[in-house]
Amino acid sequence: MSNKPPPNIAIPPHCENPDDEVARVKIAISAVFSHTPPQPPPNATEIEILLSRRVPADAYLTSFQRCPIAWIVCDRLLIESGEDSSGTSAAAQAETASRRFFAAQTLM
């Protein structure tokens, strides 16, 4: 199985640190599933800026789904998403739903 992105799309390499990969995947999920592209913070790294764009984020997530670390990261996303979210905004609930959907799809 190859973890290569589609041709002509530069994506950052996946990392072996689950905490770092969770953060990257969250940024990419926001870019792919949101109606408005997320704005990276002023102190964002090059990777965060790249993953905030829809096409590279989609390629990154597609490649990520074939990585061994995907199981650990998706488990964490589901656990985080399962925490009590009562009283959160509609946007936060939509983001939680997107993370759950992606994590469950990856684990299938």
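The model is predicted. Its secondary structure consists of five helices and zero strands, and the order along the sequence is α-α-α-α-α. Of the 108 residues, 35% count as buried.

**Overall fold and surface**

- Among the contacts with a separation of 6 or more, 71% are between residues 24 or more positions apart.
- The protein exposes about 6700 Å², and 57% of that area is supplied by carbon and sulfur atoms.

- The structure holds two aromatic pairs, one of which is formed by Phe-33 and Phe-101.
- The ring centres of Phe-33 and Phe-101 are 6.0 Å apart and the planes stand at 80 degrees; an angle over 60 degrees counts as edge-to-face, so this pair is edge-to-face.
- Phe-33 belongs to helix H1 (residues 18-33) and Phe-101 to helix H5, so the pair ties together parts that are 68 residues apart in sequence.
- Phe-33 has a relative accessibility of 32% and therefore counts as partly exposed.
- Phe-101 is also partly exposed, because its relative accessible area is 46%; the range for this class lies between 20% and 50%.

**Ser-98 in helix H5**

- Ser-98 is found in helix H5, which spans residues 90-107.
- The relative accessibility of Ser-98 is 14%, so this residue counts as buried; the cut-off for buried is under 20%.
- Leaving aside residues up to four places away in sequence, Ser-98 touches Ile-29 and Phe-33.

- Gln-39 sits in the loop between H1 and helix H2 (46-51).
- With a relative accessible area of 69%, Gln-39 is exposed, because the class begins at values over 50%.
- Gln-39 and Ile-49 are 10 residues apart in sequence, and their C-alpha atoms are 8.3 Å apart in space.

Key. Residues are numbered from 1 along each chain as its sequence is written. This is a predicted model: local features need pLDDT of at least 70, side-chain atom pairs count only at pLDDT 80 or more; totals for chains, interfaces and linings use all residues. Side-chain values use heavy atoms; hydrogens and water are left out. Helices (H or I, at least four residues) and strands (E, at least two) are DSSP runs, numbered from the N terminus. Buried means under 20% relative accessible area, exposed over 50%, partly exposed in between (1.4 Å probe, protein chains only). Contact means heavy atoms within 4.5 Å. Accessible areas come from the Shrake-Rupley method with a 1.4 Å probe; for residues, only the protein chains shown count as cover. Rings of Phe, Tyr and Trp (its six-membered ring) pair if their centres lie within 6.5 Å; planes under 30 degrees apart count as stacked, over 60 as edge-to-face and the rest as tilted.
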